[in-house]
Amino acid sequence: MVQSLQTGTHLRIGKNGVDAEGASIYGSQACDDFDRDDVEQYFNYMGMLAVEGTYDKMEALLQQKIHPVDILLLLAATEGDKPKIEELMRAEANYTVKDADGRTALDRAVSDDIKDFILGFSVQKA
């Protein structure tokens with residue numbers, strides 16, 4: 001675990017420090033802070049390239065002119081990645097955006113639990 005202490009300030013990250021959100025790291029990105037590189041990094045990080053063997057599905061989403069934050073939400077819902085979904089919903093991702101097959105993040109959600117998570121988070125924001 002990485003620890004960071006800075007003399008004379010209140011910044012403490014690591015064991016006994018603040019959590020990522022408290023440190024303004026997690027969930028601090030706005031919608032327009034996400035870009036194509038974030039989509040590619042997530043695609044690779046989640047092992048989607050290894051499963052798909054190609055970037056074709058990612059490229060198809062990008063070519064639809066869907067905002068990267070909404071593409072990430074579609075992918076995160078498919079993976080059931082709650083922390084990422086929460087981060088994206090905080091950044092105002094739109095769960096009603098449709099992929100090339102006409103499916104939304106709710107349609108692509110890996111489980112009812114993920115669907116409820118997305119809907120519940122959107123209700124909390126309202």
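**Helix packing and a two-sided helix**

Analyst: Happy to! α1 and α4 pack at about 15 degrees with their axes 9 Å apart (axes are lines fitted to C-alpha atoms, for helices over the stretch in contact, and angles run from 0 to 180 degrees between N-to-C directions). That angle makes α1 roughly parallel to α4 (under 35 degrees is roughly parallel, over 145 roughly antiparallel, 65 to 115 roughly perpendicular and the rest oblique). This is a predicted model, where local features need pLDDT of at least 70 and side-chain atom pairs pLDDT 80 or more, while totals for chains, interfaces and linings use all residues. Residues are numbered from 1 along each chain as its sequence is written, and side-chain values use heavy atoms, without hydrogens or water.

User: Which residues of α1 and α4 meet?

Analyst: From α1, Arg36, Asp38, Val39, Tyr42 and Phe43 meet Pro68, Ile71, Leu72, Leu75, Ala76 and Glu79 of α4 (contact means heavy atoms within 4.5 Å). By type, that contact has eight nonpolar residues, no polar ones and three charged (Ala, Val, Leu, Ile, Met, Phe, Trp, Tyr, Cys and Pro count as nonpolar, Asp, Glu, Lys and Arg as charged, the others, Gly among them, as polar).

User: And what about α4 and α5, at what angle do they pack?

Analyst: Helix α4, residues 68–79, packs on helix α5, residues 82–90, at about 155 degrees, with axes 9 Å apart. So α4 is roughly antiparallel to α5. In this contact Val69, Leu72, Leu73, Ala76 and Ala77 of α4 meet Lys84, Ile85, Leu88 and Met89 of α5.

User: Which residues of α3 are buried?

Analyst: In α3, residues 56–63, the buried ones are Met58, Leu61 and Leu62 (buried is under 20% relative accessible area, exposed over 50%, partly exposed in between, with a 1.4 Å probe and protein chains only). They span an arc of only 100 degrees around the axis, so they lie on the same side of α3 (the arc is that of the directions from the helix axis to the C-beta atoms). An α-helix has 3.6 residues a turn, so residues three or four places apart point the same way.

User: What do they pack against?

Analyst: The buried residues of α3 pack against α1 (36–45), α4 and α6 (105–108).

User: And which α3 residues are exposed on the other side?

Analyst: Asp56, Lys57 and Gln63 are exposed there. Just after α3, Lys65 takes a positive phi of about 65 degrees.

User: Let's zoom out. How many helices and strands are there?

Analyst: The protein chain has seven helices and two strands (helices are DSSP runs of H or I of at least four residues, strands of E of at least two, numbered from the N terminus). Starting at the N terminus, the order is β-β-α-α-α-α-α-α-α.

User: What share of the chain is buried?

Analyst: Of its 126 residues, 31% count as buried. Among contacts between residues at least 6 apart in sequence, 57% join residues at least 24 apart.
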